[in-house]
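Here is a short briefing on the structure shown below.

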Amino acid sequence: MASKYHDDWQSSKKTVLQRNAYMFDNELMSDVSFTCGESSRIFHAHKYVLATSSAVFFAMFYGDLAHKESPICLPDADEESFKEFLRYLYTDDCKITAENAIGVMYLANKYLLSSLTEKCCKVLEASIEPDNVFVVLEQIIQFDEKKLEAKCWDIVSKKTQECINSEAFCNVGSHSLKALLKKETLTITEVELFKAVLKWVDSECSRQGINVEEDKTARRRILGDCVYEISFLEMSLEDFTKYVSSAGILTEIEVISIFQKFGGSDVANLKWNEQKKRRPCVVLSFSRFDFADVFDGNWYGKRYNNGRVDALTLTVNKAVLFHGVCLFGDSNGSQYKVNFTVKDEDVTGTYTSKQDNDGIWCYDVNLPKPVSLQSHEKTTIFATIKGPQSYNGYKGKSSVKVDDIVVTFNDTPHGLSSNYTNKTGGQFYKLFLSNL
């Protein structure tokens with residue numbers, strides 16, 4: 001072993017970090033090793049490095065019941081996730097992507113590395129989309145990450161139809177399905193929600209090997225008490241007759257009782273007598289700039305790697321909820337690291353520039369939960385951006401009206417906006433608001 005490393009490798013590594021990085025997954029001086037699942041690949045490690053990073057590893061290697069065997073098999077870890085987890089222990093950095101973030105977060109929580117958990121959360125938060133929101137939601141429930149969970153449900157509330165059309169929806173657990181049905185702000189009709197529930201029920205029956213044509217009570221049995229969260233009386237009589245009455249979700253007596261209720265009869269003890277009416281969470285977009293006033297020109301503020309802040313002050317004519325902003329990006333699909341703040345709520349994440357329906361390159365930054373703005377209250381929004389040069393706007397509108405909401409833009413108090421954004425130009429392409 002010694003002859004293999006006789007070249008005085010230490011001299012070429014100028015810092016502790018460089019020397020530690022050299023030892024990552026290196027058999028030199030390794031005194032413990034790991035395998036993942038059924039894989040035969042061996043990861044080499046060093047007890048000292050692991051134990052100084054994690055109290056769990058310290059107990060494993062230096063506690064009263066120290067682990068003696070090596071390699072240690074981790075049946076609950078995959079190779080890619082463990083590799084990046086191990087890299088973090090040696091270098092304080094790792095490559096976390098939307099694909100491996102859940103696996104790395106699981107290991108970070110298992111071995112009590114809160115800083116790595118936070119890093120994974122930021123990556124996940126920036127990558128949540130309607131087609132993967134239920135995948136993320138199912139995984140993070142076990143981690144008790146309330147902020148990330150709230151972000152998932154916010155997306156579901158705003159883009160319900162897209163979310164339930166995803167393949168991932170049919171794989172959620174009954175707990176997530178019930179949480180969905182309890183939501184009072186969904187942008188979907190009750191009959192479309194029922195169709196999605198029926199699709200979920202049939203998928204669950206298939207997983208359990210149940211033939212719904214042979215077992216006529218299976219659908220109701222699988223759905224269980226979740227059936228009482230569906231507001232059948234919010235449907236039209238035509239939709240209830242066409243999609244619900246013969247679906248096998250309700251008993252014959254329940255179907256007859258609901259028909260009687262539709263007919264105006266007072267049906268005693270009907271579980272659906274007191275039905276909640278879902279309030280659609282309609283998020284409105286307020287654009288500061290017309291298409292002709294957005295360009296990739298010579299704007300000083302588009303240099304984002306200097307720690308400067310883009311800020312803008314605004315007022316609204318009525319109480320609203322503030323959901324987030326759309327920021328300008330570039331036409332190369334670059335990534336931007338953003339910290340966005342409004343009042344006491346903030347979000348930090350990495351976002352990818354994409355072309356919107358109007359042909360503008362930009363990216364949305366949404367808060368984990370919306371912030372309430374009061375009528376005529378002066379509110380300043382802040383964004384600290386790191387990334388390449390971007391598009392920008394000029395000749396910005398002094399106010400924008402959508403429905404009955406009017407947003408008025410103003411310059412910030414002196415010194416708050418240090419990156420040249422102001423009421424007529426710079427960043428903050430769009431704002432996202434909804435009625436309280």
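Helix α5 (residues 101–110) has seven of its 10 residues buried, so the rest of the structure largely encloses this helix. The model is predicted.

**Helix α5 and its cover**
- The buried residues of α5 are Ala-101, Ile-102, Gly-103, Val-104, Met-105, Leu-107 and Ala-108.
- Their cover includes α4, α6 (114–127), α7 (133–140) and α8 (146–158).
- Leu-112 follows α5 and has a positive phi, near 60 degrees.

**Ser-81, in a helix that covers α5**
- Ser-81 sits in helix α4 (residues 79–91), and α4 is among the elements covering the buried residues of α5.
- Is Ser-81 buried or exposed? Its relative accessibility is 2%, and the cut-off for buried is under 20%, so Ser-81 counts as buried.
- Setting aside neighbours within four places in sequence, Ser-81 contacts Asn-100, Gly-103, Val-104 and Leu-107. Gly-103, Val-104 and Leu-107 are among the buried residues of α5.
- Ser-81 and Ile-96 are 15 residues apart along the chain, and their C-alpha atoms are separated by 8.5 Å.

**Ser-176, a buried serine in α10**
- Helix α10 (residues 174–182) contains Ser-176.
- Ser-176 has a relative accessible area of 2% and is therefore buried.
- Apart from neighbours within four places in sequence, Ser-176 is in contact with Glu-138, Ile-141 and Trp-153.

**Domains and nonpolar cores**
- The domain assignment of the chain gives domain 1 (10–127), domain 2 (157–263) and domain 3 (284–435).
- The C-alpha centres of domain 1 and domain 2 are 44 Å apart.
- Nonpolar side chains tend to be buried together in soluble globular proteins.
- In this model, the largest nonpolar core has 87 residues. Phe-34, Leu-50, Leu-116, Phe-134, Phe-232 and Leu-250 have the most contacts inside this core.
- Which helix gives the most to this core? Helix α11 (residues 190–207) does, with nine residues.
- Domain 1 (10–127) and domain 2 (157–263) each supply at least three residues to this core.
- Leu-116 touches Phe-85, Tyr-88, Cys-94, Ile-96, Val-104 and Ala-108, leaving out residues up to four places away in sequence. Val-104 and Ala-108 belong to the buried set of α5.
- A second, separate core has 32 residues, including Leu-314, Val-342, Tyr-351 and Tyr-363.

**Packing of α11 and α13**
- Helix α13 (residues 237–244) packs with α11 at an angle of about 10 degrees. Their axes are 10 Å apart.
- Angles under 35 degrees count as roughly parallel, so α11 and α13 are roughly parallel to each other.
- On the α11 side, the contact is made by Val-191, Phe-194 and Lys-195. On the α13 side, Asp-239, Tyr-243 and Val-244 make the contact.

- How many bridges join strand β8 to strand β9? Eight bridges join β8 (residues 335–342) to β9 (residues 345–352), and the strands run antiparallel.
- Val-342 has Glu-345 as its bridge partner in β9. Val-342 is also one of the residues in the second core.

Key
Residues numbered from 1 in each chain as written. Predicted model: local features only at pLDDT ≥ 70, side-chain atom pairs only at ≥ 80, totals over all residues. Heavy atoms only, no water. Domains from an automatic or database assignment. Pairing = 2+ DSSP bridges. Helix = DSSP H or I, 4+ residues; strand = E, 2+ residues; numbered from the N terminus. Core = buried A, V, L, I, M, F, W, Y, C linked by side-chain atoms within 4.5 Å. Buried < 20%, exposed > 50% of the residue type's maximum accessible area, 1.4 Å probe, protein only. Contact = heavy atoms within 4.5 Å. Axes fitted to C-alpha atoms, helices over the stretch in contact; angles between N-to-C directions. Parallel < 35°, antiparallel > 145°, perpendicular 65-115°, else oblique.
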